[in-house]
Amino acid sequence: MTDPSALEGLPLPEHRQAARGHDAARAAILAQLAEHRLPGAILLHGPQGIGKATLAFELAAAILTATGDEDATRVREQIAAFSHPNVSVLRRRPKDSKSFYSVIRVEDVRELRDTLQQTRGRAGHRIAILDAIDDCNPNAANGLLKTLEEPPADTTFLLISHRPGSLLPTIKSRCHNLALRPLPDDLLAQVVSESLPDIDAAALDRAIQLAGGRPRRAFETLALAEDSPVGALILWLRDPEATPIAAQLLLADALGSNPQGPDMSFAREILNDWLAGEMREAAMQPGQRRRLASATELWEKANALLAEADNVNLDMKQTLAVIFDSIRKHCALIASPAEPV
């Protein structure tokens, strides 16, 4: 089964089956497994690229080994080859030989449900991995909810989410929720070095600096040219007001010159993370209603502008220029004295 988010030259999560970090989440599930009180659905959520899918396949192997009649090595081999009859993996399906559907469709969820209702192929639990549940369209999400409400016996759903806030509350309420965090730099360096043992020390340091604790982003960074404007974007976001307007416009031009290129793809992730982090920080601090309102408005505006640019092929340079200007104004607003309450 192909992973639509796979990075060329790197092992897939089903081949790794050994996630770095996330010790508390792993220990919690393994303890529940040992006590025979495994949840029917587990939601692994956190930023994209921190190893959630790898941990899901690692947990799947542990569950199947503990509840089945085969040794761990055999189970891991079958999972990697997608030949274990008790494991189902739902991702965005191939549309043709060159592309994937943009969502997980309701017919995909129905196919999964029908598979889980059949007689299991081997002793032990059945595992259903959704990578990622965020890709479900509304009909698919509602179809999944029905399955979670009446789950098959001895079946564990491992749901992966990069954006848990966008999920149906009724889905989240039926899951054991585990929040995973970005990796510390030392673990991140180990992950990258294991996959790329010959990596140059300077390249490794740059990848770690730009990755923000995400192994996937570290590997994506290594694919960028040394003079990529992505690094400049990260520095700009640390203090937008300190950068001259002219330099800000040059940054928008550099990133938007190739809307489908790796620099722009990476930049969109970074912008999304910054906007989400700004809303989260404002929401967690008392007396920050003005900041939260501004951050929420900024989030909605930026996402609407990017979606419009995608849908009607607008000039990405101009789109970024408008978004950068809005970010600058937001930072100026929150830096000014608060209005009297």
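Pro151 is placed in the loop that joins helix 6 (138-149) to strand 4 (155-161), where helices (H or I, at least four residues) and strands (E, at least two) are DSSP runs numbered from the N terminus. The model is predicted, so that local features require pLDDT of at least 70 and side-chain atom pairs count only at pLDDT 80 or more, while totals for chains, interfaces and linings use all residues. Residues are numbered from 1 along each chain as its sequence is written, and side-chain values use heavy atoms, with hydrogens and water left out.

With a relative accessible area of 41%, Pro151 is partly exposed; buried denotes under 20%, exposed over 50%, and partly exposed the range in between (1.4 Å probe, protein chains only). A separation of 42 Å lies between the C-alpha atoms of Pro151 and Gly261, which are 110 residues apart along the chain.

The loop between helix 10 (215-222) and helix 11 (230-238) contains Glu226. Glu226 is exposed, at 76% relative accessible area.

Regarding cysteines, the structure holds 0 disulfides (pairs of cysteine sulfur atoms within 2.5 Å). Cys175 takes part in no disulfide, and the nearest cysteine sulfur, that of Cys136, is 11 Å away. A disulfide is a covalent bond between the sulfur atoms of two cysteines. Cys175 counts as buried at 11% relative accessibility, and Cys331 is buried with a relative accessible area of 11%.
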